[in-house]
Amino acid sequence: MKKQLIGNWKMHKTVQEATDFMEQLSLQIKNLELSGIHLSIAPAFIHLFPLHQLTALSPSIRLIAQNCHHEKEGAFTGEVSAAMLASTGIEGVLIGHSERRAYQQEDHGILVKKIKSVLAAGMSPIFCCGEQWADRAQGNHEVILQQQLSLPDLTEVALKKLIIAYEPVWAIGSGKVATVEVIAATHSYIRELLRDRYGSLGENVPILYGGSCNEENARDIFACSHVAGGLIGNASLQVDRFIKIIHALLNSK
Ligand code: PGA
């Protein structure tokens, strides 16, 4: 299973800033051996097409979107479909990020439709899950994860594209990273859920950690069992920080 690192830029960067970042990153990774990892940036929609043209010069950087609409096309002003995103040449779409669940009221039914539309368009859904602090404090985090991960039947081809990102909501953007004990135990629980749901095929679905992962803690986090890489918010916005996290992943076993 290839390790994965995704920089989630959220609502940051102008076109110029995004282009500058990508040019600097391409320069800095030029001499790195990256064949063992998938390195991706998830910028805002407007950056996908221009950055895809830039990354054509640096094929080891992939692009993924932060969201999509579940319908293929239609009268949905302001929305972008998975098929439209696929036509820009990108590789995947984040689905179910906790900020979208909270601010756009995306519920489980909609998220399942989005997963299906991303797969139908030939891309990878990076499906985010994670509990609130109150759930963790009350010992309900496993029940919440079980509900969030009640995913539809998927073909073998689809399962090879699926990626899970475990992002405890209380750790996102808070600087309050989960301990390695919590990360290891939760990732192993998610692996168990995937195995129960999809049998041996669930064994190879990558599970990424996200939530205040940065250049200082990345090495310890990537060393946890069942952690196949990271989904990085804040620390992916500056090339010098992100590059250190790339090195941490490259050096992890
Ligand atoms: P963070 O964000 O690294 O800033 O906590 C992670 C995410 O929301 O994907």
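**Briefing: helix packing and the ligand site**

In this predicted model, the buried residues of helix α2 pack against α1 (15-29), β3 (61-65) and α3 (82-86). The ligand is surrounded by 13 residues, and the protein covers 98% of the 280 Å² of accessible area that the ligand has on its own.

**Helix α2**
- Helix α2 spans residues 45-55, and its buried residues are H47, L48, L51 and T55.
- Seen down the axis of α2, these buried residues fall within an arc of 110°, so they line one face of the helix.

**Helices α7 and α9**
- Helix α7 covers residues 141-148, of which H141, I144, L145 and Q148 are buried.
- These residues take up an arc of only 95° around the axis, which puts them on the same side of α7.
- The cover over the buried residues of α7 includes the helices α4 (98-103), α5 (108-120), α6 (133-137) and α9, together with the strands β5 (124-129) and β6 (163-166).
- T186 belongs to helix α9, which runs over residues 180-198.
- With a relative accessibility of 4%, T186 counts as buried, because the cut-off for a buried residue is under 20%.
- Leaving aside residues up to four places away in sequence, T186 touches R136, L145 and Y166.
- One of these partners, L145, is also among the buried residues of α7.

**The ligand and its surroundings**
- The closest of the 13 residues around the ligand are K10, H97, E167, G173 and S212.
- The side chain of H97 has an N or O atom 2.7 Å from an oxygen atom of the ligand.
- For the side chain of N8, the corresponding distance from an N or O atom to a ligand oxygen atom is 3.4 Å.
- N234 places a polar backbone atom 2.9 Å from an oxygen atom of the ligand.

**Two loop residues with positive phi**
- Most residues other than glycine have a negative phi.
- K10, although not a glycine, has a positive phi of about 50°.
- K10 lies in the loop that connects β1 (3-8) and α1.
- S212, likewise a residue other than glycine, has a positive phi near 55°.
- The loop between β7 (207-210) and α10 (218-222) contains S212.
- S212 counts as buried, with a relative accessibility of 18%.
- Both K10 and S212 are listed among the residues closest to the ligand.

Technical notes: Residues numbered from 1 in each chain as written. Predicted model: local features only at pLDDT ≥ 70, side-chain atom pairs only at ≥ 80, totals over all residues. Heavy atoms only, no water. Helix = DSSP H or I, 4+ residues; strand = E, 2+ residues; numbered from the N terminus. Buried < 20%, exposed > 50% of the residue type's maximum accessible area, 1.4 Å probe, protein only. Contact = heavy atoms within 4.5 Å. Near = heavy atom within 4 Å. Polar contact = N/O pair within 3.5 Å; in protein donor to acceptor, adjacent residues only side chain to side chain. Areas by Shrake-Rupley, 256 points an atom, 1.4 Å probe, with all protein chains shown as cover. Arc of directions from axis to C-beta.
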